[in-house]
2 protein chains.
Amino acid sequence: MLDFESALKEKVKRINENLEAAFQQTPDIPPVILESMKYSLQAGGKRLRPMLMIETCRSLDGDVAVVMPLALAIEMIHTYSLIHDDLPAMDNDDLRRGKPTNHKVYGDAIAILAGDGLLNYAMETMLQGAEGLYGEMLIRYIDAMKTIMSASGISGMIGGQVADMQSENRVISMDEMDYIHLHKTGALLEAAVDCGCIIADAEPATRGRLTTYGHHIGLAFQIVDDILDIEGNVGDLGKPIGSDEKNHKSTFVTLYGLEASKIRVTELHSEALEMLKPIGQKTKFLQELAEYICTRRN
Amino acid sequence: MLDFESALKEKVKRINENLEAAFQQTPDIPPVILESMKYSLQAGGKRLRPMLMIETCRSLDGDVAVVMPLALAIEMIHTYSLIHDDLPAMDNDDLRRGKPTNHKVYGDAIAILAGDGLLNYAMETMLQGAEGLYGEMLIRYIDAMKTIMSASGISGMIGGQVADMQSENRVISMDEMDYIHLHKTGALLEAAVDCGCIIADAEPATRGRLTTYGHHIGLAFQIVDDILDIEGNVGDLGKPIGSDEKNHKSTFVTLYGLEASKIRVTELHSEALEMLKPIGQKTKFLQELAEYICTRRN
């Protein structure tokens, strides 16, 4: 795992450099909105979504330069969703990744606009990335944009967030729990993998296996989140534990219990690995990424 | 003008039908978010932006079916910006077009998510519209998407909204006023006209004239807004007058005075018409639209 960790660090660094470069040519903009957007973008995220997209594409010998703007966009979308989720009108959280949340630093109005700005800029970044593409590659690129926007919209992440809010202060069914997990976080993680496949022009069977991999680690990611909210360490997490209980939220753990939740993560992990096997040695990094997601402490 | 009014009504109706159709295939989404989005979309907007885009395209013999998804998207973007602007953390307005604002009906959390959902859905709608396009038309379509997203983002509308918020409680310079007007509302109105040109593959000179027309009526639109906030009638406007004074906002009227503001609207109106002249008779509706914008009472 030591090799994996240094490789991961290097890859995160490259994503961060590209994210920074995406904000180089932004003249004539009120500085506070750029500052606020960058504050949350640079708050030490794990870059899991762009990582999954880029590494899926690489493992299929796809063009990493083509997938990069899509990968940056998905991270901007993820970041905007955190800014809006943390608002007093939503989850009302003061800490995120060990730092004050965006609205705590810039106020609610700028935090709302910074979120809007990031979602909008994600689209601008993707559209810029389409420049110079043509023919089949352009068609695939548009297909990937669609995949991202559908996963982040009302039939994906936003729908999941609405259902999550509606689940507060009551016990929900397992079906509702599934809906929330699959939409709120699962959709974007699965879309990340799928975009890697689309840009690399994967065979349908390979694409099917990889999106199932994405589906499984997306679900595992969310269950680990629920486990860490009970067993985690504030120092590792950079946010308070017990927030689900505080918000009277049903989670995978409250519905199924801690032991069953851990077993489910282990199952999802091995099912995810099973999907990668037939694709071969080039998926080594994706295999290790699955382990990282399933055993993470923050 | 009677002919114009019935033509306008007919065109608004067609836009509304298309907007409704855009939400036909949305299964598996929590109903409240769809309701909230539609509540604001169907609150009786003038549909000025889609109207400008479609009629510009039509006046240049462009394909109205191709421009339609872009026109719907720009109205969704305009609507999301109103929902977020009305929030307590922003302008804190209770009434919009004579109806309670979105957050007054659905609460702040759903209003934030409905705004996010509309911005995201605008992009989904545009991407769906790209389906079946290829070659030069697809390249132009992507160019139009870029034009819209750049006009609505931090270098356009969002930047203008930030500057507008920062202008409260102090006297601002004429340069700052220009920045706010050109970005907060002007950018999207001008982009609407420009997209009509792009899809119709307008000659550069024609495109230049039409975007100048868009620029002028965008500015006139905003100055009329400032005038109506003083001289308007609550019944016509569907919102309280005097809100700029309440929010201690500098406006075109407070900086230049009422008379000079009215003269400026007349100038912008005739300069806008001047731009249309060389293009000919097919711009008749755009001419009347300019008059409608400059003489409106709400």
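This note sets out points on a predicted model, taking the pairing of the chains before individual residues.

1. Local features are given only at pLDDT of at least 70 and side-chain atom pairs only at pLDDT 80 or more, while totals for chains, interfaces and linings use all residues. Residues are numbered from 1 along each chain as its sequence is written, chains are lettered from A in the order in which they are written, and side-chain values use heavy atoms, without hydrogens and water.

2. Chain A is superposed on chain B by a rotation of 180° with 0.0 Å of shift along its axis, at an RMSD of 0.0 Å (least squares on the C-alpha atoms of residues with pLDDT of at least 70 in both copies). The two copies are thus related as by a two-fold rotation axis. Because 98% of the interface residues of chain A are also interface residues in chain B, the copies meet through the same surface.

3. Arg47(B) lies in the loop between helix H2 (31-41) and helix H3 (48-59) of chain B (helices are DSSP runs of H or I, at least four residues, numbered from the N terminus), and is buried, with a relative accessible area of 4% (buried means under 20%, exposed over 50%, with a 1.4 Å probe and protein chains only). Its side chain reaches the backbone oxygen of Leu41(B) at 2.6 Å.

4. Asp61(A), in the loop between helix H3 (48-59) and helix H4 (64-86) of chain A, has a positive phi of about 60° although it is not a glycine, and is exposed, with a relative accessible area of 57%.

Notes:
Contact means heavy atoms within 4.5 Å. Helices (H or I, at least four residues) and strands (E, at least two) are DSSP runs, numbered from the N terminus. A polar contact is a pair of N or O atoms within 3.5 Å; within protein, one must be able to donate a hydrogen and the other to accept it, and residues adjacent in sequence count only if both atoms are side-chain atoms.
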